[in-house]
Amino acid sequence: MASEDSTFDIIITGAGLSGINAAYLLQSELPNHSFTVLESRDHIGGTWAFWKYPGVRSDSAMALFGFPWYPWTEDTSMADAHLIKKYMEEAAVSQGIDKKIRFNHRVTSESWSSEEQRWTLHVDVTSSDGTVLEKKIFKTPWLVNATGYYSYEKPRPTVIPGIERFQGEVVHPQFWNDEVQYDNKRVIIIGSGATAITLLPALAKTAKHVTMLQRSPSYVVSLPARDNLLQFMGRFMPIQWAGKINWWIRMVAETLLVQLLLNFPNWGRKSVADAMRRQLPKGFDVDKHFNPRYNPFEQRLCLCPRGDFFEALRGPNACVVTDHIETVTENGILLKSGETLEADMIITATGLYMILLNKIDVFVDGVRINDTIGQRYMWNGVMLEGIPNTGVITGYVAATWTPGASTRTQQFIKVIKHAEKTGATIATPYIDEAKRARLPKEPCIPSSSTYIAEVRDRLPLVANVGPWRNGKNWLEDATRLWFGWVTTGMRFTSWNRAKSD
């Protein structure tokens, strides 16, 4: 039986960016509700405390990636991971959220009981090395899952022929540690996503040579390293005011840019390609190495601060090769074209293993639902069809993450408020069977990125009609938050008696 200190009105799992943000929004909009944050590790930070590879940083401008309620006031626009972690810690302390976090509390299962009308969480309390010291039970009527959508323990499985023959070192960025040494080595990075774009300029500073080997190109866009607008406004007003105004300016600008590029793809391709061409060495084959088969924002743009990626390619010890791997050899990689790349180290930056509710077994009235997530529709980007009283908080994939996580948390809070106003104790996204049969079945993340496309059976569905959608930008989500009906597609009940549908 759960004790008094382990029963709360709301429980949040995860003390990363989404979890800290959710905690702030909950205590601001539901100040009379008790809550706690369960974090499996011994510190705040989520992704930004986990990744250790050289150069790891945000791939969005911090003016938007940070919290609207605790504006980013540093002049660095794209911050390194340790600065983001420090910022999150300071933000949590500023609102007393740090006192609500229970570290080393790893949730192993979440079980909903309609009879009890609440969730039961089984939690392992661990030491810093992962040893289980104690098992606890927590209970709550409302649950916020803010653990993201990729596995810390497991990278995306990728078959690289002959990799076991390689006599040098093979490293995955997800498991980078201080023992990895690349100075004066010939390094091949396999991949062309944000991690590879970040690694190349960082490694090129001391490696003998760095090759980014890609099967297909990505768009790479340079952003200023400093937020000059914020610093300019800070001359005339308190920096916190300037940060809030800067958030709105950046939000409007990003929304307009994304829509412009999506609606005018030919112009978008040309504009981005021309910008890359101006920063690459003269004569560089842009059409071969930086001409993706998709349009801008159909996959996420790769961003680099002050053009550091292009600067590295202008140097003598970095290059991009676009080809397919025939096999890895003892001393490098043989390509389909017949070219051989020699290497002392291979870095497999081949993507994330995407999975919602990572390593948490979820049950609804005794039935495990993890394997059916890919068959359930998503309600307004935050709740899943047939799963009561729980929000799954994610941000945007193509645009900046945090604004999406914010609006979706607020949408879930709107559900809680309506339930309590009407006397309901259960809120479950619901679709009539006849209507469900007519709904389109679209992926909740339409990106064509390989690591996303290949796991669509593990991610929820959307219909892009009514509430059964996963917004692609802040304006879309905010409009539904402010003007949408929370009762549409939602069944509110109390003691198993329907209140509304």
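These legends describe close-up views of a predicted model. Local features need pLDDT of at least 70 and side-chain atom pairs count only at pLDDT 80 or more, whereas totals for chains, interfaces and linings use all residues. Residues are numbered from 1 along each chain as its sequence is written, and side-chain values use heavy atoms, with hydrogens and water left out.

**View A. The five-stranded open sheet has parallel pairing.** The strand order is E9-E18-E10-E11-E14. Helices (H or I, at least four residues) and strands (E, at least two) are DSSP runs, numbered from the N terminus. Two strands pair if DSSP finds at least two bridges between them. Strand E9 (169-171) and strand E14 (318-322) are the edge strands, each pairing on one side only. From one strand to the next, the twist averages 20°. Within the sheet, strand E10 (residues 186-190) and strand E18 (residues 345-348) pair in the parallel sense over four bridges. Ile188 stands opposite Ile346 in E18.

**View B. Helix H5 (residues 194-204) lies across strands E10, E11, E14 and E18.** H5 runs at about 165° to strand E11 (209-214). Axes are lines fitted to C-alpha atoms, for helices over the stretch in contact, and angles run from 0 to 180 degrees between N-to-C directions. Contact means heavy atoms within 4.5 Å.

**View C. Three strands form an open sheet with antiparallel pairing.** The order is E15-E16-E17, and the edge strands, each pairing on one side only, are strand E15 (325-328) and strand E17 (340-342). Neighbouring strands of this sheet are turned by 20° against each other on average, direction ignored. E15 pairs with strand E16 (residues 332-335) in the antiparallel sense over three bridges. Ile325 stands opposite Leu335 in E16.

**View D. Helices H7 and H8 cross at roughly 110°.** The axes of H7 (residues 239-263) and H8 (residues 265-279) come within 5 Å. The two helices are therefore roughly perpendicular to each other; angles under 35 degrees count as roughly parallel, over 145 as roughly antiparallel, 65 to 115 as roughly perpendicular and the rest as oblique. H7 makes the contact through Leu260, Leu261, Leu262 and Asn263, and H8 through Pro265, Trp267 and Gly268. These contact residues divide into five nonpolar, two polar and no charged. Ala, Val, Leu, Ile, Met, Phe, Trp, Tyr, Cys and Pro count as nonpolar, Asp, Glu, Lys and Arg as charged, and the others, Gly among them, as polar.

**View E. The second largest pocket holds about 640 Å³ of space.** On a 1 Å grid over the protein atoms alone, a pocket is an open set of points with protein on both sides within 12 Å along at least five of seven lines, a cavity is a set of points where a 1.4 Å probe fits but cannot get out, and lining residues have an atom within 4 Å of a point. Grid points are joined across faces, edges and corners, and a volume is the space filled by probe spheres set on the points. The pocket is lined by 31 residues, with Val221, Leu223, Glu254, Leu257 and Leu303 nearest its centre. H7 gives the largest share of the lining, six residues. The lining divides into 19 nonpolar, six polar and six charged residues.

**View F. The largest cavity holds about 90 Å³ of space.** The whole structure has three cavities of 30 Å³ or more. Residues lining the largest cavity include Tyr149, Met354, Thr394, Cys444 and Asn470. By class, this lining has nine nonpolar, three polar and no charged residues.
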